[in-house]
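Let's take a walk through this fold, starting with the overall layout and ending at a single side chain. Keep the viewer open as you read.

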Amino acid sequence: MEIPGDPTLRYLGAHADVLVILTRLSLFAQTAALLTPEQRQENAVGFIEPLQAAINEHHADEESTLFVQMIDLARDATEKETTQNLISQLVQEHRDIEATWSEVRQVLITLAEQGEHATVMPDARRCADLLARYQQHANFEETVVLPLGQSILSDSGGRSSLAPGDLRHRVDNLPGYI
């Protein structure tokens with residue numbers, strides 16, 4: 001439920017769909033050897049686009065909109081410094097998650113393109129690591145950074161250009177695994 005006037009609520013829970021997909025990806029990686037080549041190919045295809053869009057677009061939107069406004073609208077120098085430090089941590093987490101995703105994505109692309117001729121399998125440890133990193137990131141963002149953002153933006157006297165419902169990322173047609 002969104003409360004009119006609180007633009008940070010759109011980000012609360014925004015990670016849920018990604019976590020569902022990453023959980024399914026992790027399970028797929030653990031069981032891929034048990035699947036037929038066609039099933040591996042089908043699953044690989046199903047994960048690539050939704051995760052690429054959800055991870056990269058979500059991070060880009062946060063960094064170009066929410067984070068900028070949080071820093072710009074911080075109430076004093078101490079709050080601005082705290083906000084900048086928290087956001088720097090989140091941005092570094094974004095880059096780390098994106099780098100891990102890029103590695104996993106390359107294997108999925110190979111599986112999708114080569115099908116029954118593919119000689120690679122998704123790395124279950126790497127996929128589990130991606131899931132764990134994303135869970136930690138989402139928890140930190142939603143329990144530390146977003147409450148601060150809510151405080152800053154709600155005290156901005158209407159100077160925030162964010163509106164409830166903007167940039168809320170939901171993934172349609174969540175991929176599954178067989």
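Helices here are DSSP runs of H or I with at least four residues, strands are runs of E with at least two, and both are numbered from the N terminus. With that in hand, the tally for this predicted model is quick: the chain has four helices and zero strands. Reading from the N terminus, the order of elements is simply α-α-α-α.

How much of the chain is buried? Of its 178 residues, 43% are. The contacts tell you something about how the chain folds back on itself, too: take the pairs that sit at least 6 apart in sequence and are in contact, and 85% of them join residues at least 24 apart.

Now zoom in on one helix pair. A pair like this is described by the angle between the two axes and the distance between them. Helix α1 covers residues 16–31 and helix α2 covers residues 37–72; they pack at an angle of about 150 degrees, with the axes 10 Å apart. Angles over 145 degrees count as roughly antiparallel, so α1 is roughly antiparallel to α2. As for handedness, the two cross in a left-handed way.

Which residues make that contact? On the α1 side you'll find V18, I21, L22, R24, L25 and F28, while α2 brings R40, N43, A44, F47, P50, L51, A54 and I55. Sorted by class, that contact has 11 nonpolar residues, one polar and two charged.

The largest one holds 28 residues, and the members touching the most others are L22, L25, F28, L51, W101 and L108. Helices α1, α2, α3 (77–114) and α4 (124–154) each give two or more residues to this core. For a closer look, pick L108: setting aside neighbours within four places in sequence, L108 is in contact with L25, F28, A44, F47, I48 and W101. There is also another core, lying apart from the largest one, with 14 residues that include M70, I71, L146 and L153.

Finally, settle on F28, which is found in helix α1. Is F28 buried or exposed? Its relative accessible area is 0%, so F28 is buried. The C-alpha atoms of F28 and N43 are separated by 7.8 Å, although the two residues are 15 apart along the chain.

Terms used:
Residues are numbered from 1 along each chain as its sequence is written. This is a predicted model: local features need pLDDT of at least 70, side-chain atom pairs count only at pLDDT 80 or more; totals for chains, interfaces and linings use all residues. Side-chain values use heavy atoms; hydrogens and water are left out. Axes are lines fitted to C-alpha atoms, for helices over the stretch in contact, and angles run from 0 to 180 degrees between N-to-C directions. Angles under 35 degrees count as roughly parallel, over 145 as roughly antiparallel, 65 to 115 as roughly perpendicular and the rest as oblique. A crossing is left-handed if the near helix is turned anticlockwise from the far one by less than a right angle, and right-handed if clockwise. Contact means heavy atoms within 4.5 Å. Ala, Val, Leu, Ile, Met, Phe, Trp, Tyr, Cys and Pro count as nonpolar, Asp, Glu, Lys and Arg as charged, and the others, Gly among them, as polar. A nonpolar core is a set of buried Ala, Val, Leu, Ile, Met, Phe, Trp, Tyr and Cys residues joined through side-chain atoms within 4.5 Å. Buried means under 20% relative accessible area, exposed over 50%, partly exposed in between (1.4 Å probe, protein chains only).
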